[in-house]
There are 2 protein chains.
Amino acid sequence: MVSVKKAFETVLNSTKYFGVEKVPFIKSLGRILKEEISADRDFPPFNRVSMDGIAIDYASFRQGQKSFEIEGIQAAGSKQIKLHNSKNCIEVMTGAVLPKNANTVIRYEDVTIKNGITTINVESLNDGQNVHIKGKDGNMGDILISENIIISAAEIGVLATVGKSFVKVAKQPKVMIVSTGDELVGVDEVPLEHQIRRSNVFTLVSLLERLNIYTETAHITDDKPILKTKIKKYLQEYDVLLFSGAVSKGKYDFLPEVFDELGVKKLFHKVAQRPGKPFFYGQTDCCTVFGFPGNPISTFVNCLAYFYPWYYKSVALEVDVEMAVLAEDVSFKPNLVYFLQVKLKNKQGKLIAFPIKGNGSGDLASLVNTDAFIQLPDNNIEFKKGDTFPIIRYR
Amino acid sequence: MVSVKKAFETVLNSTKYFGVEKVPFIKSLGRILKEEISADRDFPPFNRVSMDGIAIDYASFRQGQKSFEIEGIQAAGSKQIKLHNSKNCIEVMTGAVLPKNANTVIRYEDVTIKNGITTINVESLNDGQNVHIKGKDGNMGDILISENIIISAAEIGVLATVGKSFVKVAKQPKVMIVSTGDELVGVDEVPLEHQIRRSNVFTLVSLLERLNIYTETAHITDDKPILKTKIKKYLQEYDVLLFSGAVSKGKYDFLPEVFDELGVKKLFHKVAQRPGKPFFYGQTDCCTVFGFPGNPISTFVNCLAYFYPWYYKSVALEVDVEMAVLAEDVSFKPNLVYFLQVKLKNKQGKLIAFPIKGNGSGDLASLVNTDAFIQLPDNNIEFKKGDTFPIIRYR
C-alpha cells in the first residue's frame, strides 16, 4: 500500500504525450491550446472611432470654434475619407476609421445638428477623445494568448479576430472504459434480485466528457481468459484504459494478475485512502491503466483525484488547487487520507465546505447532494471547523 | 435609460417556457432535469457484501468459535445461496448477495484459510459488519434526484442505476445569433485596412455552448430593407435572437427601428452600466430579442449578465450568486453599475478578485487575462479593498 502523496507523485511522473492536432477554431471550446496566438495586425488596426458622433480637428475647438459644417460621413466598414477643411467636421460611426486630419470625436448626445451644421453643446473636450488609437490594445506580433490554456469563449473571440480559422490543440487520449462484474446488467434491463445495473462506466464517461474526452465503453464478464484476450487488444488500441471493479481481493478479481500476465507494469496497487483504497495503477510502453475499485464513490473520487491531474499534466495544463473552509468539526480515526463529500457554499467570498456523510462507498445517490470532495490528510484524527483543506469539485 | 436593477428585473419577469423533451440519459450531461428521479427498488436492493472475505453467523463467533469450514462461494451476480450449517462459513465477494443465514463478513485480510477451513485472526467482530443492509441508502420510491437541477456525472450514475435509459430534460431554446456591421469580414478572410473580422457571434456561440445551447449564426449587412426581411423571418422561426451591434446612435444603427416596425415590444433600451450601455431588450409573443452593443466586451458581459439569468429562470434553474473579495481599492466616478474584469484567486478558501483594467469595451484580448466580472454598484465612487461584491464568472 502506498500513501496518497506517493501515489499522486507516481501518477504525475508517468504522464504521456498524445500529440497535437488542428481543429476548426469554433470546435476548440474547452480544448487545450497548443500554439501561441499573436496579433496579425495592430489592435485596433486603425484609429478607431468608439462613439457615434462628429469628428473634428481639436485645434479648431481649442481656438474657440463651436459650429462645424458637415463635410461627409465615415461609416464603419468604409475606406478612410479625409477632412478637407479643418474648420469642418465629419459624421462618424462606432467602429469606423477616424477620418484623415480629424483627431477628436464628440458623441451625438453632446451636439445639435441643424441644416448641415453641427453645434457643440459642451464646454470642454479632451484632445483625442472617443478615439481608440491604432495599436493601443496590442501591436502586430504581440502574444495575445499563451499556449497550454483551456480555450474559453474569450479565446474563441480572439482566435476569430486574428483569423485563426484552424487552431492547434492537444490531441485527446483515446480512452476505453471497461466495467467488470457479473452482477451488472444494462441500464434498460430489469435486474434480477441479485443483480444491479451498470453505472460506473457512465459516470466515468461523463467525468471525461467534462474534459472534452469522448470515450468508448465495454463490459467484460468475470472470466479470466476472456478478460485477457480483450484487454490484450485494448492495450494495443488505446492510450488509456479505465477499469471499474475486479482489483480487490475477491476470488474473481482477476485484473491485477491479468495485467501482470499481459506485461502491464504495476506502479502501485492500493492507496492509503478512503474511499478507493484498492486502486491499481500501471503502464505498458504506450498504454496507461487506471484500475479503479468498483464501488461507485471509489471509482468517482479516484477518477477526479488521479486521472484528472494525470490528464492535465499530460497536456501541460496547470490547474490551481482550490481550498475550502471546513464548516464543522470532523473526526476520522483510520490513518488514511479521507476524501469526504461536501456541499459548497460561497458566503461573502469565503468557500465553505459542509460535510455530508453518505452510507459508505457504495452510496452513489449521496453524490447528488454534494459538490466536491474535501481532502483531509492522514496522520491526523480531528479536523477543526474553520481549517482549510484542498477540495476537488465535480460540479 | 433604465437601471441595472430594473433591467435585470424586466429580463427575469419575461422568461419563456421552451417545453421538455426525452433524451438518452447518456446524452443528458449538462441538461436541466425535468422529472423527479426515484428509486425503482431498495438501495442496495439486497443485503450486499461490501468486502471480499468470509460470511458467518455472528452467533457462532460470539460463542467462541474461531474456525469455520467453507461450505461454498457466493459470487457477485449469483443467486443467493444458503449457509446450511451455522457452524460453517461461505466465501463471499464484494457486491454479492449475503448468503441466507449469514449476517457478518470478515475480510480476507483478517483470516487464514487452509484445507477448506477458515480461521479468524482477530479478537473481536461487530455483528453485521461489512454488510451493506438492503434499503440502507434508500427505499423503493424515495426521491433520489429532484427536478430542475443540472445533470452532472453524479446524476448520470444514479439515472443508470435506476434504469432511466431516457430522461426528461428542459428543451433548449432555438437561438439565432446575428451580427451586423459592414466593417466585418469572415474569420478566414484578410481584412482591408478599415475592416475587422467577425468575432462577437463566435464568442456568443461559445458562451451559449457552455449552457449546452447549440445555435445558428448569420451576418446581415447594414441595409434596412434587408435587415427587416431577414429579421421578420427569424422572429417567426426562433425562440431567441441575439444581436451584436447596430443598437446605438449611429446612422446605420437600424435595429431599434426595425424591431419597432416588426412589432417587437421594447422592454428597455439603454442600461445605466459600463460597459454595455446601449443594450436593447424586447419581445414578440414568441420571440425574445437581446440586442447587445457591438463592442466585444459589451456583448460578452451582457450575455452573461442578462441572457444567462433569463435562460436559467426560463428552465427553472436556481443559481446562487457568487461573491468575491476585492483585492485592491477601485474608484469609478460615473453613476453607472461597473462590470469590472477581474482575475480570481482562491487564497485559503477566500475568493479574491484582482481588477485588471483593459483598454475599454473594444479590448477583446483583455478577456483572455481575466476570469470574471465583478459587479460594482452605482451610487458609489470608491470601492474598498476587502469589500465583497457579486461576480459573474466566464471560466
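User: Which ring does Lys174(A) lie over?
Analyst: Lys174(A) lies over the face of Tyr238(A), at 4.9 Å from the ring centre. A charge counts as over a ring if NZ of Lys or CZ of Arg is within 6 Å of the ring centre and within 35 degrees of the ring normal. This is a predicted model, where local features need pLDDT of at least 70, side-chain atom pairs count only at pLDDT 80 or more, and totals for chains, interfaces and linings use all residues. Residues are numbered from 1 along each chain as its sequence is written, chains are lettered from A and ligands numbered from 1 in the order in which they are written, and side-chain values use heavy atoms, with hydrogens and water left out.

User: And where does the charged end of Lys174(B) sit?
Analyst: Over the ring of Tyr238(B), 4.9 Å from its centre.

User: Switching to rings. How many aromatic pairs are there over all chains?
Analyst: The structure holds 50. Rings of Phe, Tyr and Trp (its six-membered ring) pair if their centres lie within 6.5 Å; planes under 30 degrees apart count as stacked, over 60 as edge-to-face and the rest as tilted. One of the pairs is Tyr311(B) with Tyr312(B), tilted, at 6.1 Å centre to centre and 55° between the planes.

User: Is Tyr311(B) buried or exposed?
Analyst: Buried, with a relative accessible area of 2%. Buried means under 20% relative accessible area, exposed over 50%, and partly exposed in between (1.4 Å probe, protein chains only). Another tilted pair is Phe373(B) and Tyr394(B), 5.9 Å centre to centre with 45° between the planes.

User: What does that pair tie together?
Analyst: Phe373(B) lies in strand E26 (residues 372-376) of chain B and Tyr394(B) in the segment after strand E28 (388-393), so the pair ties together parts 21 residues apart in sequence. Helices (H or I, at least four residues) and strands (E, at least two) are DSSP runs, numbered from the N terminus. Phe373(B) is buried at 0% relative accessibility, and Tyr394(B) is buried at 1%.

User: What is the strand order in the six-stranded open sheet of chain B?
Analyst: The order is E7-E4-E6-E5-E9-E8, with mixed pairing. Strands E7 (104-107) and E8 (111-114) stand at the edges with a single partner strand each, so one side of each has no neighbour in the sheet. Two strands pair if DSSP finds at least two bridges between them.

User: In what sense do E8(B) and E9(B) pair?
Analyst: Antiparallel, over four bridges, with strand E9 covering residues 117-120. Ile120(B) in E9(B) is the bridge partner of Val111(B).

User: Is Thr118(B) buried or exposed?
Analyst: Thr118(B), found in strand E9 of chain B, is buried at 0% relative accessibility. Leaving aside neighbours within four places in sequence, the contacts of Thr118(B) include Ile54(B), Phe68(B), Cys89(B) and Val111(B).

Conventions. Contact = heavy atoms within 4.5 Å.
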